[in-house]
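Subject: Structure handover and notes

Hello,

Here is the structure I said I would pass on. My notes on pockets, helices and a few single residues follow below.

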Amino acid sequence: MAIPQHIAIILDGNGRWAKSKGMPRNYGHVRGAKNLEVICEDAYNMGIKYLTVYLFSTENWKRSKDEVDALMRLFRSYTKTCIRTARDNNMKVRVLGDPSALAPDLQESLKKLVESSKDNTGLNFQIAINYGSRDEIVRAVRKVAEDCLDGKRSPEAITEDVFSDYLDTAGVPDPDLLIRTSGEQRLSNYLMWQLAYTEFYFTEVPWPAFTKEDLQKAIDKYNSRERRYGGVKEE
């Protein structure tokens with residue numbers, strides 16, 4: 001069985017899962033964060049080299065202030081926990097997105113997380129926070145334009161590979177498999193450049209309830225497909 005080198009996940013369904021339990025949405029986010037720690041370990045033990053997760057999109061700022069504030073508190077706590085987890089599990093962490101809109105203390109924690117784990121050789125764990133694929137591409141285009149104006153690049157020299165080096169994921173292989181939990185079947189402005197030839201897997205299971213067995217099921221489905229660059233729907 002082939003293990004995908006790189007899996008990207010859209011962690012969906014925290015709020016709906018909590019509601020189904022008669023709990024507030026924030027409870028779902030807390031349980032989802034705890035489950036992420038478990039799945040990171042499972043992914044590494046299964047032989048996955050890169051795991052990229054969508055924590056907070058550029059569109060998520062439109063949610064209620066109470067929910068956004070609760071998420072930011074959770075990210076502060078999660079980042080501190082992740083520093084210990086990365087150290088204990090030899091995990092290398094990278095942050096995708098534009099952190100400038102985040103609170104200064106959270107920006108600093110994210111920098112510390114990345115810096116403290118940069119020499120680790122285990123799972124490559126990428127956190128997409130204040131991330132939007134359109135925003136990423138626009139930021140990359142600006143960098144390309146600046147380099148062309150400064151004479152560092154010529155427009156004729158801009159290839160797909162060169163442009164990829166301007167993205168947040170520079171140097172990282174594109175995902176082999178995208179998993180989206182909780183039944184939705186859309187990209188939600190996530191890694192649109194990188195997912196051009198990725199297999200998609202959609203499951204009804206909400207993220208807090210997603211287990212190693214569900215991850216294995218996604219990988220099994222991935223292995224049952226011929227690489228035709230299409231989507232994979234859970235049976």
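Just after helix 3, N90 has a positive phi of about 60 degrees.

Two points on conventions. This is a predicted model, in which local features need pLDDT of at least 70 and side-chain atom pairs count only at pLDDT 80 or more, while totals for chains, interfaces and linings use all residues. Residues are numbered from 1 along each chain as its sequence is written, and side-chain values use heavy atoms, with hydrogens and water left out.

The volume of the largest pocket is about 590 Å³. Its lining has 27 residues, and L11, D12, L55, N60 and R63 are the closest to the pocket centre. A pocket here is an open set of points on a 1 Å grid over the protein atoms alone, where a 1.4 Å probe fits, with protein on both sides within 12 Å along at least five of seven lines; lining residues have an atom within 4 Å of a point. Grid points are joined across faces, edges and corners, and the volume is the space filled by probe spheres set on the points.

Helix 1 (14–20), helix 2 (25–45), strand 2 (50–57) and helix 3 (65–89) each give at least two residues to the lining of the largest pocket. The largest share, five residues, is from helix 2. By class, the lining of the largest pocket has twelve nonpolar, eight polar and seven charged residues. Ala, Val, Leu, Ile, Met, Phe, Trp, Tyr, Cys and Pro count as nonpolar, Asp, Glu, Lys and Arg as charged, and the others, Gly among them, as polar.

The second largest pocket has a volume of about 240 Å³. Of its 14 lining residues, E160, S164, D174, W193 and Q194 lie nearest the centre. Its lining divides into six nonpolar, four polar and four charged residues.

Helix 4 (residues 104–117) has 14 residues, which should span 20 Å, and its end C-alpha atoms are 20 Å apart, in agreement. The buried residues of helix 4 are L106, Q107, S109, L110, L113 and S117. They fall within an arc of 165 degrees seen down the helix axis, so they line one face of helix 4; the arc is that of the directions from the helix axis to the C-beta atoms. Buried means under 20% relative accessible area, exposed over 50%, and partly exposed in between (1.4 Å probe, protein chains only). Helix 3, strand 3 (92–96) and strand 4 (124–131) are among what covers the buried residues of helix 4. The face turned away from that buried side carries the exposed residues P104, E108, K111 and K112.

For helix 7 (residues 212–224), the 13 residues should span 18 Å, and the end C-alpha atoms are 18 Å apart, which agrees. Its buried residues are D214, L215, A218, I219, K221 and Y222. Down the axis of helix 7 these fall within an arc of 160 degrees, so they line one face. E213 and S224 are exposed on the other side of helix 7.

Single residues

Two residues sit in the loop between strand 5 (177–180) and strand 6: S182 and L191. S182 is not a glycine but has a positive phi of about 75 degrees, and it is buried at 12% relative accessibility. L191, also not a glycine, has a positive phi of about 50 degrees and is buried with a relative accessible area of 2%.

F200 is in strand 6 (residues 199–202) and counts as buried at 18% relative accessibility.

Y27 belongs to helix 2 and is partly exposed at 29% relative accessibility. Leaving out residues up to four places away in sequence, Y27 touches W17 and A18, where contact means heavy atoms within 4.5 Å. Y27 and G15 are twelve residues apart in sequence and 7.8 Å apart in space, C-alpha to C-alpha.

Regards

Note on methods
Helix = DSSP H or I, 4+ residues; strand = E, 2+ residues; numbered from the N terminus. Expected span 1.5 Å × (residues − 1).
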